[in-house]
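I opened my notebook to look at a pair of protein chains and write down what I found. Come along and check each entry as you read.

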Amino acid sequence: MSAYPERLQALLDVFAGVTDTHERTQLLIDFARRFKDVPPEVATRPFGDDHLVKHCESEAYAWAVPNDDGTLKLHFAVENPSGVSAKALAAILDKALSGLPAAEIAKVDPEIVEKLFRQNISMGKGMGLMSMVLTVQALAKRHL
Amino acid sequence: MTAIADRGYRHPDRLVSTDWVAAHSGDPDVRIIESNEDTLLYATGHVPGAVHVDWTSDLNDQLRRDYIEREGFEALMSKIGVTPDTTVVFYGDKNNWWACYAFWVFQLFGHTKAHVMDGGRLKWQKEGRAWSTDTPSFPATIYSAPARDDARHRILRDEVIQFQKRGGQFVDVRSPEEYAGTRMHMPEYPNEGAIRGGHIPGAKSVPWARAINPEDGTFKTAAELTALYVDQNGLNGAEDIVAYCRIGERSSHTWFALTYLLGFEKVRNYDGSWTEWGNLVGVPIEK
C-alpha cells in the first residue's frame, strides 16, 4: 500500500514514467502554467512572514485554509516571476493535496521533490522546494 | 547604467550588452548559451537562437564528482554546433551566476572566445525584449578540444590545504550566515552537505551578489569592485586568490569578476568548496 495520498501517488507515478528529460521539463512547465495565485479573500500583499516558505529563493508563501467538510485547501504565492520550479511544485501540491484532511497532508514527505524534479536542481533550489513541502506540512499540523 | 566600455574594466570585451546579443542572435559565428539554476526556465522562453547548457547533465560527470572530460566537452560542442572559432556568449538567471559557472568550465577546455551577457535574463526581461520557445538546432560540428586543464583556473583539495597553510588569500562568497557557520541546515531538515560550519581560516567574506547591481543584474564598475574587494577586504590582486562557496558555482561568478573585470591574473575557483572542506577530517575551520 502506498504511503502517499492517492492523488499524489498517481502524480508521482506519472512522473516516474517520464524518463525523457525534455518531457519531464514540459510536464513541470505545464504545472507551472496552471499555478494560481492566492486569492485576495485568503491573503493580500504584503504577506506575513508566518506564511513565508523559508529558504525558497523565489519568495514563496503558502496557506492551508479549512473547507466546510474539515479538509484543507492549499494556496500559494510565488513572488519571483521566474520562479518556474516553485510555481510547478505549488500547482502540484495544490492538485495532489487540496481537499484532504490535515492529518494526511501533514504526513507528506519532502522527498517527493526529488521524485518530481529528479537530480536536475541545485542544492539550494532543492532545499527551497523541500522547504515548501515542509511549510505545507507545518500549516497542516496547525489544523490537527 | 554606464556602458560596459566606460566602467574601467581590465577586460571589458568579456562582457557583451543585451544590445550586442540582440544584434548577433542570428549570427552563425556566435552561439548564445543559456545556463540557469532553474533548469525549467529555458523551456519557458529564452533569447531567440539561444541553446541550453544544463549545468548538471551537460557539464558534470554523471558518476564522479567532477566535470566532463575532453570527450564529453567535444560531444557537447558538437551538439550545440560550436567550433573552436565560434564566439560563445553565456547568460542566465540569478544574475548570471550559472552562466559564469558554465563560462568557467569552458575555460578549463581553453575556449577563450567566450563572453557573458551583462545582466543576464533579468536585464533582457526588464528591457522588454523578445523571448522564444523555439529550440534551435545547428549542424553538428567536429570540435577538437585539448585535455581539460585544471591548473590555471581551478584548484583542488590537496593544493588548497597547502595554500591555506601558507596563509593564502581566500574569498568566501557565501552568505554571511554560511560564513559564520550559523546556517548549516534549515529547520526539520538535516543538513546541506557539510558536517561542519564555518569558513576556511583567513578567508574574507564577500558574498558574490555584491558584485552586481540588483536592479538589473549588471556588474558594478571597476571602481566599485575595487572598493569592495581591495579597499574593504584587502585582497591583493597581484597575489594568488582562491574563491570558494558551497560547490563552486557562486564562486565562479566572483572568479569572473576578479579575473576579467579587475584583471587579477592569479584567481582560481575551488569547486570542492565548503561541501568538501566542511567534510574533510582534520582541516582547520574558523567561525
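My entries below go from ground rules to each chain and then to the contact between the chains.

**Ground rules**

I am working with a predicted model, where local features need pLDDT of at least 70, side-chain atom pairs count only at pLDDT 80 or more, and totals for chains, interfaces and linings use all residues. Residues are numbered from 1 along each chain as its sequence is written, while chains are lettered from A and ligands numbered from 1 in the order in which they are written.

**Confidence**

I looked up pLDDT, the predictor's confidence in each residue, from 0 to 100. Chain B averages 94, and 97% of its residues score at least 70. I marked residues 186-190 of chain B, where pLDDT stays under 50. For that stretch the model has nine contacts beyond four places in sequence; two residues are in contact if their C-beta atoms, placed from the backbone, lie within 7 Å. For the complex, I noted an ipTM of 0.77 and a pTM of 0.89 from the predictor.

**Chain A, overall**

I found six helices and three strands in chain A. Helices (H or I, at least four residues) and strands (E, at least two) are DSSP runs, numbered from the N terminus. Following the sequence, I read the order α-α-β-β-α-β-α-α-α. The radius of gyration of chain A is 14 Å, close to the 15 Å from the globule rule for 144 residues, so chain A is as compact as a globular protein of that length. The radius is taken over C-alpha atoms, and the rule is 2.2 Å times the number of residues to the power 0.38. Along the principal axes, the C-alpha trace of chain A spans about 40 × 35 × 25 Å.

**Chain A, one loop**

I then went to the loop between α2 and β1 (60-66) of chain A, where Pro46(A) sits. A cis peptide bond joins Arg45(A) to Pro46(A), with omega at about 0°. Glu59(A) is also in the loop between α2 and β1 of chain A. Its phi is near 50°, a positive value in a residue other than glycine.

Two packed helices are described by the angle between their axes and the distance between the axes. Axes are lines fitted to C-alpha atoms, for helices over the stretch in contact, and angles run from 0 to 180 degrees between N-to-C directions.

I started with α1 (residues 6-16) of chain A and α3(A), which pack at about 135° with axes 7 Å apart. That makes α1(A) oblique to α3(A); angles under 35 degrees count as roughly parallel, over 145 as roughly antiparallel, 65 to 115 as roughly perpendicular and the rest as oblique. Arg7(A), Leu8(A) and Leu11(A) of α1(A) meet Ile92(A), Ala96(A) and Leu97(A) of α3(A).

Next, α2(A) and α3(A) cross at roughly 75°, and their axes come within 7 Å. That makes α2(A) roughly perpendicular to α3(A). I listed Leu28(A), Ile29(A), Phe31(A) and Ala32(A) on the α2(A) side, facing residues of α3(A) that include Val84(A), Ala88(A) and Ile92(A). The contact of α2(A) with α3(A) has eight nonpolar, no polar and one charged residues. Here Ala, Val, Leu, Ile, Met, Phe, Trp, Tyr, Cys and Pro count as nonpolar, Asp, Glu, Lys and Arg as charged, and the others, Gly among them, as polar.

**Chain B**

Chain B has ten helices and nine strands. I noted its division into domain 1 (4-126) and domain 2 (157-277); such bounds come from an automatic or database domain assignment. The C-alpha centres of the two domains of chain B lie 22 Å apart. Their contact takes 22 residues from domain 1 and 20 residues from domain 2. On the domain 1 side, α4(B) gives the largest share, six residues.

I followed α4 (residues 97-108) of chain B to α9 (residues 250-261) of chain B: they pack at about 75°, with axes 7 Å apart. That makes α4(B) roughly perpendicular to α9(B). Among the residues in the contact are Trp97(B) and Trp104(B) of α4(B), and Trp255(B) and Phe256(B) of α9(B).

**Where the chains meet**

How many residues of chain A are in contact with chain B? I found 21 residues of chain A, in contact with 19 residues of chain B. On the chain A side, α2 (21-33), α3 (84-97) and α6 (123-141) each supply at least two residues. That side has nine nonpolar, ten polar and two charged residues.
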